[in-house]
Amino acid sequence: MTDARYGKCRVCRFCVHSENDWACMIKSKLVHPGDSCERFRPGSCENCNRVKLDFDRATCTVTGAETDILSVCDHYDPDGRHSFDGQ
């Protein structure tokens with residue numbers, strides 16, 4: 001990725017801040033806004049429009065299985081050549 005913000009705490013929806021204090025809700029600890037999350041991966045379920053979020057549960061609507069929101073989808077293709085319908 002050429003975007004310098006990619007994978008940084010300041011663009012993560014699980015990172016919250018108040019003034020100069022930043023915290024990661026996943027780790028329950030203070031972080032720096034420029035830190036990278038070691039759990040962040042391209043193709044993670046949080047960025048997928050086929051994941052249904054219900055409070056703290058995430059369910060894949062393709063497989064019907066419950067998933068971790070930062071898991072990487074088995075169907076993810078960084079080149080975008082494959083779809084979810086088995087192609």
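Author: The model is predicted, and pLDDT is the predictor's confidence in each residue, on a scale from 0 to 100. Among the strands and the rest of the protein, that confidence is lowest in β4, at a mean of 85, and highest in β3, at 91.

Reader: What is the mean pLDDT of the protein, and where does the pLDDT fall below 50?

Author: The mean for the protein is 77, with 80% of its residues reaching 70 or more. Over residues 82-87 the pLDDT is below 50, although this stretch still has 7 contacts in the model beyond near neighbours in sequence. Where pLDDT is low, the predicted coordinates should not be read in detail.

Reader: How do you know that C9 is in no disulfide?

Author: A disulfide requires two cysteine sulfur atoms within 2.5 Å, and the structure holds 0 disulfides. For C9, the nearest cysteine sulfur is that of C15, 4.6 Å away. Seen from C15, the closest cysteine sulfur is the one in C9, and because their separation is 4.6 Å, the two are too far apart for a bond.

Reader: What makes C9, C15 and C24 count as buried?

Author: The label applies under 20% relative accessible area. C9 has 7% relative accessibility and therefore counts as buried, C15 counts as buried at 12%, and C24 does so at 10%.

Reader: What surrounds C24, and in which strand is it found?

Author: C24 is found in strand β2. Leaving aside neighbours within four places in sequence, C24 is in contact with F14, C15, K29 and V31. C12 lies 12 residues from C24 in sequence, and their C-alpha atoms are 8.9 Å apart in space.

Reader: Why are β1 and β3 said to stand at the edges of their sheet?

Author: The sheet is open, has 3 strands in the order β1-β2-β3, and is paired in the antiparallel sense. β1 (15-18) and β3 (29-31) each have a single partner strand, so one side of each is left without a neighbour in the sheet. From one strand to the next, the twist averages 40 degrees.

Reader: How do you know that β1 and β2 pair?

Author: Pairing asks for at least two bridges between the strands, and β1 is joined to β2 (residues 21-24) by 4 bridges in the antiparallel sense. Within this pair, V16 stands opposite A23.

Reader: What makes β4 and β5 a pair, and what lies in the turn between them?

Author: The requirement is again at least two bridges, and 4 bridges join β4 (residues 51-54) to β5 (residues 57-60), with the strands running antiparallel. D54 has R57 as its bridge partner in β5. The two strands form a hairpin with 2 residues between them, and F55 in the turn has a positive phi of about 55 degrees.

Reader: How many bridges join β5 to β6?

Author: There are 2 bridges between β5 and β6 (residues 66-67), which run antiparallel, and the criterion is at least two. T59 has E66 as its bridge partner in β6. This hairpin has 5 residues between its strands, and G64 in the turn shows a positive phi of about 80 degrees.

Key
Residues are numbered from 1 along each chain as its sequence is written. This is a predicted model: local features need pLDDT of at least 70, side-chain atom pairs count only at pLDDT 80 or more; totals for chains, interfaces and linings use all residues. Side-chain values use heavy atoms; hydrogens and water are left out. Buried means under 20% relative accessible area, exposed over 50%, partly exposed in between (1.4 Å probe, protein chains only). Axes are lines fitted to C-alpha atoms, for helices over the stretch in contact, and angles run from 0 to 180 degrees between N-to-C directions. Contact means heavy atoms within 4.5 Å.
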